[in-house]
Amino acid sequence: LRHVSWVIRDGTVSSIPVSSTIKLTAVNDVPSINLDSNNSGGNAPHYNTSFNEGNSPVWLVDTDVLITDPDNTTLTNITVHITNPQDGAPEVLAVNTTGTDLNAVVSGNILIITGLAPISDYIQVLETLTYSNSNPSAGERIIEIMVNDGTAVSAPVESRIMVTALNNPPILTLDADDSGGNAPEYHSDYI
């Protein structure tokens, strides 16, 4: 509660003081996330990258990723979601939680990082977020990321990945069920 006293003056005489009571109600502010806080990629708060088949996993955030929350110093989870998966199981999201008390669980195209922990721990883990694909089809992937302070969830931000696939040569297997014991080769004796 705040108490305010009011007095009005006309230059000569002052009024009788009047008091007002103001009740302030705190509201939880929504956390926010910026995948490229210095906007080096020109698309902040989002991030753009590319992935080429056969290469190492790619980072999904810039080195200056930033999470802010005006009224909380901790978070409860981050959700990372491939919104347009095209290749199923070969598409992999991964993080490293070493050095924190956070846990990461992947279920299909969703990665959830959980644990009541300081924002700095979440940033540390988010800096290790990668995408890989062992058998990609070409095209863009959109990865949506949201942070949660236990009461409110941030607006989603996107990491967009342009995936380049190789034209892999076909493989001919003459003994697909390996009945001859030498797959992919096949031997036959004619008498």
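Student: Why is the pair Glu-140 and Arg-160 called a salt bridge?

Tutor: The side chains of Glu-140 and Arg-160 meet at 2.9 Å, N to O. A salt bridge needs a side-chain nitrogen of Lys or Arg within 4 Å of a carboxyl oxygen of Asp or Glu, so Glu-140 and Arg-160 qualify. The model is predicted: local features need pLDDT of at least 70, side-chain atom pairs count only at pLDDT 80 or more, and totals for chains, interfaces and linings use all residues. Residues are numbered from 1 along each chain as its sequence is written, and side-chain values use heavy atoms, without hydrogens and water.

Student: What makes Glu-140 partly exposed?

Tutor: Its relative accessible area is 31%. Buried means under 20%, exposed over 50%, and partly exposed in between (1.4 Å probe, protein chains only), so Glu-140 falls in the middle class. Arg-160, at 26%, is also partly exposed.

Student: Which parts of the chain does this pair link?

Tutor: Glu-140 is in strand β12 and Arg-160 in strand β13, 20 residues apart. Strands here are DSSP runs of E, at least two residues, and helices are runs of H or I, at least four, numbered from the N terminus.

Student: How do you know that β12 and β13 pair?

Tutor: β12 (residues 139-148) and β13 (residues 157-164) share 7 bridges in the antiparallel sense. Pairing requires that DSSP find at least two bridges, so these strands pass. Within the pair, Ile-143 stands opposite Ser-159.

Student: What is the strand order of the open sheet of 6 strands?

Tutor: The order is β4-β13-β12-β7-β10-β9, with mixed pairing. β4 (47-52) and β9 (103-107) are the edge strands, each pairing on one side only.

Student: How many salt bridges does the structure hold?

Tutor: There are 4. One of them joins Asp-87 and Arg-141 at 2.5 Å, N to O. Asp-87 lies in the loop between β7 and β8 and Arg-141 in strand β12, so this pair ties together parts that are 54 residues apart in sequence.

Student: Why is Arg-141 called buried?

Tutor: Its relative accessible area is 0%, which places Arg-141 in the buried class. Asp-87 is buried too, and Glu-91 is buried at 4%.

Student: What makes Asp-87, Glu-91 and Arg-141 a network?

Tutor: Salt bridges link the three residues. Glu-91 is in strand β8 and Arg-141 in strand β12, 50 residues apart.

Student: What makes α1 mostly covered?

Tutor: Of its 8 residues, 6 are buried; among them are Ile-119, Tyr-122 and Leu-126. The buried residues of α1 pack against β3 (32-34), β6, β7 and β10.

Student: How do you know that Asp-69 has no salt bridge?

Tutor: The nearest side chain of opposite charge, Arg-2, is 18 Å away. Lys and Arg count as positive, Asp and Glu as negative, while His and the chain ends are not counted.

Student: Which residues is Asp-69 in contact with?

Tutor: Leaving aside neighbours within four places in sequence, Asp-69 is in contact with Asp-29, Pro-31, Ile-119 and Asp-149. Contact means heavy atoms within 4.5 Å.
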